[in-house]
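Colleague: I would like a close look at one part of this model, and then at what surrounds that part. Please take me through the helix packing step by step.

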Amino acid sequence: MDAAHVLIALLSGGVIGFVLGLVGGGGSILAVPLLVYAVGMKSPHMAIGTAAVAVALNALVGLVGHARSGNVRWQCALSFALAGSAGAALGAEAGKAVDGESLLGLFGGLMVVVALLMLRGRSAAENPLVRMTRENAKSMLSRILPIGFGTGLLAGFFGIGGGFLIVPGLVFATAMPLSLAIGSSLVAVSAFGITTAGSYALSGMVDWTLVAWLVAGGIGGSVLGRGAGAKLATHKRALEIGFAVLVAAVGVWVIVKSFG
């Protein structure tokens, strides 16, 4: 990579990290378009594989902090992650079988759907003391496992973290508070990213040098994003709406570029 591409990769990682720090999620949805249209990766499949590694590493870093704060319900999170990893493995294989331009077009459609889900907002949770026990395990798992599998399938197919689906999925399946769902979701995001990245890496579809620059930029961007998020905490919903509009606009642009 020449100096210009290194700088663009650092800035792209910075944008992803900044969004994650600012609004608490959704940054990974920008990774593939940035890699294809900003960094200039010729292969959409290579972009997806590379993005999956960066997503997994970012999620693992975030998970450490949430775990230390006690914001992870491990039994629920691990059950969701195990079911979803099976889906991610299948999704990644399916994604590699689709031609690059069609895959990008579908990715643009997903971005529009994600934006609409973000505009709807997140519903409040009900049970801050939620735990999986012998008494409620069967009931919880009957919701966690299918939702986890379906979410993993999408995450693997598109090479995304899937947090925008995992968080509401955990809330629906367990009634845990949003703060716990966000922390617990990182277990699944990490697992999905590792599964997807492993599948693409075995096919030689990961640019490891680019991963390093993306992660380096992401670390700096997340620090700035968290600082900005703290200052703009009272405007968090406005920030989410603004980001959703941006995601929708980029999604429409990707669709037009792919199928136009």
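This is a predicted model: local features need pLDDT of at least 70, side-chain atom pairs count only at pLDDT 80 or more; totals for chains, interfaces and linings use all residues.

Modeller: Start with helix α6, residues 137–158. At 1.5 Å a residue, the 22 residues of α6 should span 32 Å. The end C-alpha atoms of α6 are 31 Å apart, which agrees.

Now look at which residues of α6 are hidden. A137, M140, I144, G148, T151, G152, A155, G156, F157 and F158 are buried. An α-helix has 3.6 residues a turn, so residues three or four places apart point the same way. Keep that in mind when you read down the list of buried positions.

What do the buried residues of α6 pack against? Their partners are α2, α3, α4 (74–96), α5 (100–120), α7 (163–174) and α8 (178–202).

A51 lies in helix α3. Setting aside neighbours within four places in sequence, A51 touches A31, V32, L35 and G159. Is A51 buried or exposed? Its relative accessibility is 2%, so A51 counts as buried; the cut-off for buried is under 20%. For a sense of distance, take F259, which is 208 residues from A51 along the chain. The C-alpha atoms of A51 and F259 are separated by 22 Å.

A51 also belongs to the contact between α2 and α3. Two packed helices are described by the angle between their axes and the distance between the axes. Helix α2 covers residues 31–39, and helix α3 covers residues 44–68. Their axes come within 9 Å and cross at roughly 135 degrees. That angle makes α2 oblique to α3. The crossing of α2 and α3 is right-handed. From α2, the residues in the contact are A31, V32, L35 and V36. From α3, they are P44, A47, I48, T50 and A51. By class, this contact has eight nonpolar residues, one polar residue and no charged residues.

The axes of α4 and α8 are 8 Å apart, and the helices pack at an angle of about 25 degrees. That makes α4 roughly parallel to α8. The crossing of α4 and α8 is right-handed. Their contact has 13 nonpolar, seven polar and two charged residues.

The length of α8 can be checked in the same manner. At 1.5 Å a residue, its 25 residues should span 36 Å. The end C-alpha atoms of α8 are 36 Å apart, which agrees.

A175 is found in the loop between α7 and α8. Phi of A175 is positive, near 65 degrees, in a residue other than glycine. Just after α8, G204 takes a positive phi of about 70 degrees.

Finally, turn to L11, in helix α1 (residues 3–23). At 53% relative accessibility, L11 counts as exposed, since the cut-off for exposed is over 50%. L11 and W253 are 242 residues apart in sequence. In space, their C-alpha atoms are 20 Å apart.

Note on methods
Residues are numbered from 1 along each chain as its sequence is written. Side-chain values use heavy atoms; hydrogens and water are left out. Axes are lines fitted to C-alpha atoms, for helices over the stretch in contact, and angles run from 0 to 180 degrees between N-to-C directions. Helices (H or I, at least four residues) and strands (E, at least two) are DSSP runs, numbered from the N terminus. Angles under 35 degrees count as roughly parallel, over 145 as roughly antiparallel, 65 to 115 as roughly perpendicular and the rest as oblique. A crossing is left-handed if the near helix is turned anticlockwise from the far one by less than a right angle, and right-handed if clockwise. Contact means heavy atoms within 4.5 Å. Ala, Val, Leu, Ile, Met, Phe, Trp, Tyr, Cys and Pro count as nonpolar, Asp, Glu, Lys and Arg as charged, and the others, Gly among them, as polar. The expected span of a helix is 1.5 Å times one less than its number of residues. Buried means under 20% relative accessible area, exposed over 50%, partly exposed in between (1.4 Å probe, protein chains only).
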